Number of protein chains: 2
Amino acid sequence: MGFWKSLFTGSNAATKGSRAGDAGLLDSRLIEVLPFQGENGSRLYFSMERQIDLYELEELCDAVGWSRRPLRKVKKAIAHSFLVITLWEELGNRRRLIGFSRATSDHAFNATIWDVVVSPKYQGKGLGKSLMKQMIKKLRAEDISNITLFADPQVVSFYQTLGFVVDPEGIKGMFWYPE
Amino acid sequence: MGFWKSLFTGSNAATKGSRAGDAGLLDSRLIEVLPFQGENGSRLYFSMERQIDLYELEELCDAVGWSRRPLRKVKKAIAHSFLVITLWEELGNRRRLIGFSRATSDHAFNATIWDVVVSPKYQGKGLGKSLMKQMIKKLRAEDISNITLFADPQVVSFYQTLGFVVDPEGIKGMFWYPE
């Protein structure tokens, strides 16, 4: 896998534009190759692969201004998420992580979507919407009827365009803070 | 365990006032015996045991007017919850499920509490508050920093007394509905 280190073995390699093995990078957990191309004819695709270089994910989250989190905990959170969908740009035998989302779930009734991110360079092309549609599709395919999330004010309208409703029937999202 | 059937083997026995084995019912996952007694000198205690008779749980949820759910899915949801806390009334070698709560989680950052229920007969005694405090305590002990829930309008003030905040920093709880 060249520089492409496993999430579960950890890596401190620089990963942007990592080089992959012989067979190209489209992994076995591929879900959709997007019908349009990125820069230089690159290919964009969604995957459920969890073999994510944590440093590459951190770089992606840094780019959208999120607070840094301990990689040890990020690794644990990914391992214990019900669903992880990643968005990749692939050019030749190089690929780059350009989007990420995950959901926790009880595998039966409820799922909650966390950490939806698309690289700023790739925003405004509908990729965030496509990513969320993939999340919804997969959760529905698993017979999850209650898909929830907590939206920052600036992304509420984005989620509304996808069919998410704020406070349906007066149900309120609440967060616990130490008393 | 007499009539007391395992969640994982399933049971269709009537369970109210189920009889237990020889050694009393306090299980190995006991977390706290409450300092006051129920009716007839019964003992009330919290447990993390998941060996719940699904029919007894259904009876509890029926009593508070919840919609019925397939027991197959309830079983799966319990098995895939990060935390389950149950509240029991024990008298002699009989015990009854009188409260329940569970949380999904990524085991690292976020937890979401679902299905908080206390039997109507036992409401108004602070047991719901104690149950939630046990949930919070256990989640904090697991280093979960973000404890969330979705509250129906009539219980928002209840959760506020426990330190939960509605829409902090404008963050909105959202639910997906088919477009």
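Trainee: How many salt bridges does the rule find across the interface of chain A and chain B?

Mentor: Six salt bridges cross that interface. The rule asks for a side-chain nitrogen of Lys or Arg within 4 Å of a carboxyl oxygen of Asp or Glu. Take D106(B), which forms a salt bridge with R102(A). Their closest N and O atoms are 2.9 Å apart.

Trainee: What should I know about the model itself?

Mentor: This is a predicted model: local features need pLDDT of at least 70, side-chain atom pairs count only at pLDDT 80 or more, and totals for chains, interfaces and linings use all residues. Residues are numbered from 1 along each chain as its sequence is written, chains are lettered from A and ligands numbered from 1 in the order in which they are written, and side-chain values use heavy atoms, with hydrogens and water left out.

Trainee: How many residues does the contact take from each chain?

Mentor: Contact means heavy atoms within 4.5 Å. The contact takes 51 residues from chain A and 51 residues from chain B.

Trainee: What area do chain A and chain B bury between them?

Mentor: Buried area is the accessible area (1.4 Å probe) that two parts lose on being put together, summed over both. Here that is about 4800 Å², with 61% of it on carbon and sulfur atoms. F109(A), M174(A) and W176(A) supply 18% of the area that chain A buries against chain B, more than any other three residues.

Trainee: Why do the copies meet through the same surface?

Mentor: Because 100% of the interface residues of chain A are also interface residues in chain B.

Trainee: How do I read two packed helices?

Mentor: Use the angle between their axes and the distance between the axes. In chain A, helix α1 (residues 54-63) and helix α2 (residues 71-79) pack at about 100°, axes 11 Å apart. Angles of 65 to 115 degrees count as roughly perpendicular, so α1(A) and α2(A) are roughly perpendicular to each other.

Trainee: Which residues of α1(A) and α2(A) meet?

Mentor: L54(A), Y55(A), L57(A) and E58(A) in α1(A) meet L71(A), V74(A), K75(A) and I78(A) in α2(A).

Definitions and conventions: Axes fitted to C-alpha atoms, helices over the stretch in contact; angles between N-to-C directions. Helix = DSSP H or I, 4+ residues; strand = E, 2+ residues; numbered from the N terminus. Parallel < 35°, antiparallel > 145°, perpendicular 65-115°, else oblique.
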